[in-house]
Amino acid sequence: MRAEHADLMRLVRENEFASAAPRVLAFVRRGAATGAVLDTAADRQEAQGLVDYWSAKLYAVSRDVESGAGPAD
């Protein structure tokens, strides 16, 4: 998850968020499933933090699009 998070961060920096959104959504879905099977509480907490970060980013961008404000990258 850490490696994919780093790749997504780089992708978002290099491009508009909209181009990365499908990968981010897939990451959130996979991350939620992965977090459910991690052994340690620390690993689950870290995974949840990454899922929360990208979920919030998706939500913020979707609100900007709905309001017509455009993405706030």
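1. Residues are called exposed here when their relative accessible area is over 50%, buried when it is under 20%, and partly exposed in between. The points below use these words in that sense and concern a predicted model.

2. On the face of helix 1 that is turned away from its buried side, the exposed residues are R2, A3, R13 and E14. The buried residues of this helix are E4, H5, L8, L11 and V12. Viewed down the axis of helix 1, the buried residues fall within an arc of 125°, and they therefore line one face of the helix.

3. The length of helix 1, which covers residues 2-14, can be checked against its residue count.

4. As to the chain as a whole, its secondary structure consists of three helices and zero strands, and the order of elements from the N terminus is α-α-α. The chain has 73 residues, of which 27% count as buried. Its exposed surface comes to about 4,800 Å², with carbon and sulfur atoms supplying 55% of that area. Among contacts in the chain with a separation of 6 or more, 55% are between residues 24 or more positions apart.

5. H5 deserves a separate look, as a residue of helix 1 that belongs to the buried set of that helix. When its neighbours within four places in sequence are left aside, H5 is in contact with F27, L50, Y53 and W54. With one of these residues, W54, the side chain of H5 also makes a polar contact of 2.8 Å.

6. Two of the residues in contact with H5, namely Y53 and W54, can also be considered as a ring pair. A search of the whole structure finds one aromatic pair. The ring centres of Y53 and W54 lie 4.8 Å apart with the planes at 90°, and because an angle over 60 degrees counts as edge-to-face, the pair is assigned to that class.

7. Which of the accessibility classes does Y53 fall into, and which does W54? The relative accessibility of Y53 is 36%, which lies between the 20% and 50% cut-offs, so Y53 counts as partly exposed. W54 has a relative accessibility of 1%, which is under 20%, and therefore counts as buried.

Note on methods. Residues numbered from 1 in each chain as written. Predicted model: local features only at pLDDT ≥ 70, side-chain atom pairs only at ≥ 80, totals over all residues. Heavy atoms only, no water. Helix = DSSP H or I, 4+ residues; strand = E, 2+ residues; numbered from the N terminus. Polar contact = N/O pair within 3.5 Å; in protein donor to acceptor, adjacent residues only side chain to side chain. Contact = heavy atoms within 4.5 Å. Buried < 20%, exposed > 50% of the residue type's maximum accessible area, 1.4 Å probe, protein only. Arc of directions from axis to C-beta. Areas by Shrake-Rupley, 256 points an atom, 1.4 Å probe, with all protein chains shown as cover. Phe/Tyr/Trp six-rings, centres within 6.5 Å; stacked < 30°, edge-to-face > 60°.
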